[in-house]
Amino acid sequence: MTSQTPRHEAVHAAAADAVPAALADLGALVRIPSVAFPGFDRAQVQRSAEAVKALAEGTGLFDRVEIRDAAIDGGPERGMPAVLATRAARRGRPTILLYAHHDVQPVGDESLWESTPFEPTVRDGRLYGRGAADDKAGVMVHIGALRALRAALGDDLDLGVALFIEGEEEAGSRSFAQFLSDNADALRADVIVVADSGNWDARTPALTVSLRGNARFTLTVRTLEHASHSGMFGGAVPDAMMATVKLLATLWDDDGAVAVEGMTVRDAPTPAYTEETLRDEAGLPDGVAPIGRDSILSRIWNKPSITVTGIDAPSVVNASNTLSPEVKVVVSARVAPGQRAQDAYEAIAAHLRAHAPFGAELTFSDVDFGDGFLVDGSGWAVEEARAALEGGYDVTPVDLGVGGSIPFIADLVREFPEAQILVTGVEDPHARAHSPNESLHLGTFHNALTAEALLLERLDARTV
């Protein structure tokens with residue numbers, strides 16, 4: 001375990017004291033339906049940003065707190081409101097940038113929720129609600145840790161801090177790169193903490209050291225100029241649904257592993273992880289077999305995956321005896337760390353064109369991709385983070401790979417190449433982020449807040 005100093009002990013105690021208020025404020029944030037997707041009320045995202053701004057001002061630490069936005073792709077449309085707060089470093093201390101996001105996913109089918117999505121509800125040691133884990137808990141870990149630091153150290157604090165709470169991460173961070181460019185001087189830091197990942201389990205903290213990239217696009221398959229009667233022409237004319245089913249099936253082999261030439265695999269060891277644990281955490285029924293080959297975590301952390309996440313075709317209720325002329329699908333691929341997402345997309349597109357059955361016409365649109373991330377484990381900030389995590393959780397942290405993606409990290413790396421980036425989180429494997437019944441493990445939140453407060457204290461003791 002890490003050695004303790006009077007400052008360390010004071011911050012640890014202040015963090016414990018800060019948890020109840022942080023949870024109360026988290027509940028207030030969860031009540032705001034800050035969905036940044038098109039078609040949802042932007043005013044709710046603005047309301048959420050104003051609430052976060054007030055929380056940042058309430059810490060008493062910042063010289064300046066503002067709500068800002070940025071242009072999307074250089075055009076007239078503006079991104080969603082973000083909160084930017086800054087405090088200058090003193091006496092040679094480093095500056096840390098704390099990132100999280102205050103927007104949330106849509107709730108989906110509300111009938112699948114056991115409690116109202118935007119009414120925070122505590123059950124069995126967990127706080128339920130949309131955004132309770134992803135990522136309003138990340139927002140409140142930052143705010144709670146800063147409150148604890150101020151309470152413990154008072155004015156004896158020289159660390160520089162920039163707080164950046166984004167408002168459109170779930171909707172694709174469309175103005176993120178421009179926001180970084182517009183506010184580069186305010187955001188520049190020695191260390192960046194991205195509080196938007198997870199932990200090994202509810203008790204064991206993790207530092208995320210690898211993330212898969214992602215490539216997403218819409219594929220349109222067309223075989224007819226117009227719909228035709230399936231009785232009159234079926235058996236001689238290919239319909240778009242048949243062509244789409246046959247085409248998509250070529251993306252995987254018989255084991256369910258990706259069968260696209262040109263998508264790479266990262267060769268890296270993974271910890272032990274059983275099929276039983278996979279079934280528990282993913283909700284995989286006993287009769288359904290896992291897919292892929294090799295160790296389970298290598299399939300999730302180090303290999304690509306391809307998922308069809310949406311389809312436009314006649315619905316069951318509207319089905320008729322008709323040959324469909326056109327079908328659209330959304331294809332979402334996760335890309336192994338180390339491969340450019342654009343290269344992976346081009347490999348998938350080439351594969352689909354080469355395997356299009358019956359000369360079906362393929363059109364690719366709405367292409368979007370983000371590169372993966374590999375942490376440089378040699379930096380001093382990594383060791384400081386590991387020590388702080390151990391101090392906050394009283395458990396030795398593990399290095400974690402994550403099958404998901406945080407594409408904007410590539411923007412951070414490009415804009416601030418000298419910064420050390422730490423990816424942390426408040427989620428545990430049962431958080432169900434993006435799904436019905438999203439929840440936050442209350443013990444994990446307590447420990448995560450404590451760990452971040454200890455990290456800030458450790459950085460405040462350093463000179464750069």
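The largest cavity is lined by 16 residues, and those nearest its centre are Leu389, Thr424, Ala448, Ala451 and Glu452. A cavity here is a set of points on a 1 Å grid over the protein atoms alone where a 1.4 Å probe fits but cannot get out, and lining residues have an atom within 4 Å of a point. The model is predicted, with local features needing pLDDT of at least 70 and side-chain atom pairs pLDDT 80 or more, while totals for chains, interfaces and linings use all residues. Residues are numbered from 1 along each chain as its sequence is written, and side-chain values use heavy atoms, with hydrogens and water left out.

**Largest cavity**
- Its volume, the space filled by probe spheres set on grid points joined across faces, edges and corners, is about 160 Å³.
- Two or more lining residues come from each of β7 (191-198), α11 (380-393), β17 (420-427) and α13 (442-460), where helices (H or I, at least four residues) and strands (E, at least two) are DSSP runs numbered from the N terminus.

**Second largest cavity**
- This cavity holds about 50 Å³ of space, and its lining includes Met80, Phe164, Glu166 and Phe179.
- The elements β6 (160-166) and α4 (176-182) each give two or more residues to that lining.

**Sheet**
- Four strands form an open, antiparallel sheet in the order β11-β13-β9-β14, with strands taken as paired if DSSP finds at least two bridges between them.
- Because β11 (305-312) and β14 (361-370) stand at the edges with a single partner strand each, one side of each is left without a neighbour in the sheet.
- Ten bridges join β9 (residues 213-222) to β13 (residues 326-335), and Phe217 stands opposite Val331 in β13.

Note on methods
1 Å grid on protein atoms, 1.4 Å probe; cavity = no way out; pocket = protein on both sides within 12 Å on 5 of 7 lines; lining within 4 Å.
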